[in-house]
Amino acid sequence: MLLAAMPPERAHQISKTHIHTEILCFSLMEKMIAVLVLLILTSGTTGVGGSVSFENPNTCALKGSSVKLGCSYTYPDSETVKSSAWFKGASKNGTWKRVALSELPSYQNRSEYIGDLQHNCSLAIHDLQINDTGHYYFKFDTELFGRRSKTSVHLTVTELSARVHPDPVRAGDKVTLECRTSCQLSNIVWFKDGSPVTKPEFEAKAEDAGNYVCAFEGQESVMSDPVSLDVQYPPMNVSVEMSYPANLTVGTSVNLTCHSAANPAADSYTWYRGTASSFRSMLYVGSGQVLSLPSVEASYTGLYLCQARNTVGGNNSTEVLLHPLSEAVIVGNTDSEHAGNHVISLVSTVLITVLLQL
């Protein structure tokens, strides 16, 4: 209606301008579509005739160790690779982004590109930390296109945790060593105080007490924190130490000390004595680790033993002979006295021999 109200010349001029504008818009639209297609091709996995492949899309490694993220890529022979880079996926403000490792300070001097500008795009990360866990991507550029991996390598960094069951354990009971980790790698190996352990299950003995660590076979440089195995056992190797002045005579002060190896340490000591008339019947004579006899008498003669006990059990020592001599036997300076001493000494020797055989 508006064109009809205009002069014919003016209406014809506006019609031509409208047609020209439509042609211009259509041309611009074609160019924009071409640009969008190019952007889509350069941001995809393969671009035009290219691809990125990962050896192990799910990789697991130990904290403190090094890992290799195996990677290879292809592209048309007519192109030349100009640059490449690895990225780590990160969520920022609710948006998933790929951040170049070169821009992350925590990867400085730890990430190493061990690939090339041909077909190898492998990456090594050293001294792994727990927060290295995540998704990793690769990107490379030629003179024509930029291509990046659509998929990723997911790296899990874990630690080894050593445990012993049960703890504490009593001598003779079964012990199980357990090494926990989220990785499923090679065989687990164990060490006790630096020495290899042949089996993770065994019957506990006193000498098995110590610190245990586990590691993956072939990666023994990275071990778990040590865990202690506490083996409890009753007193063993119980013995009696007798102490007195130079000569054991009537009236001398004598101390009998009970020694043993036990875990936990022995906390109860009981002393017994067998008399000359009945060495088979032991009489209670005292308690405590040290039995003190301030002034021994001839009637104290006999075989003494101690019984050491802890919360696990108890054991007896072997008997020791206490046989104080009279002063007259020790002191003398005549030939007859020397002869008498010899006789008494001989009788004492025979008596000790008989007592020990009973």
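The dialogue below takes up the disulfides and then the nonpolar cores of this predicted model.

Q: How many disulfides are there, and what is the pairing of the bonded cysteines?

A: A disulfide is assigned when two cysteine sulfur atoms lie within 2.5 Å. By this rule there are four disulfides, and with the bonded cysteines numbered in sequence order the pairing reads 1-5, 2-3, 4-6, 7-8.

Q: Which hand does the disulfide of Cys60 and Cys183 have, and which parts does the pair tie together?

A: The torsion about the S-S bond of Cys60 and Cys183 is about -85°, so this disulfide is left-handed. Cys60 belongs to strand E2 and Cys183 to the loop between strand E14 and strand E15, so the pair ties together parts 123 residues apart in sequence. Buried means under 20% relative accessible area; Cys60, at 22%, therefore counts as partly exposed, whereas Cys183, at 3%, is buried.

Q: What is the torsion in the link of Cys179 and Cys214?

A: The value is 65° about the S-S bond, and the link of Cys179 and Cys214 is right-handed. Their sulfur atoms are 2.1 Å apart, and both Cys179 and Cys214 are buried.

Q: Which residues have the most contacts inside the largest nonpolar core?

A: A nonpolar core joins buried residues through side-chain atoms within 4.5 Å. The largest one has 22 residues, and Tyr73, Trp86 and Phe138 are among those with the most contacts inside it. Leaving aside residues up to four places away in sequence, Phe138 touches residues including Val52, Tyr73, Trp86 and Cys121. A second, separate core of 20 residues includes Leu160 and Val227.

Key: Residues numbered from 1 in each chain as written. Predicted model: local features only at pLDDT ≥ 70, side-chain atom pairs only at ≥ 80, totals over all residues. Heavy atoms only, no water. Buried < 20%, exposed > 50% of the residue type's maximum accessible area, 1.4 Å probe, protein only. Contact = heavy atoms within 4.5 Å. Helix = DSSP H or I, 4+ residues; strand = E, 2+ residues; numbered from the N terminus.
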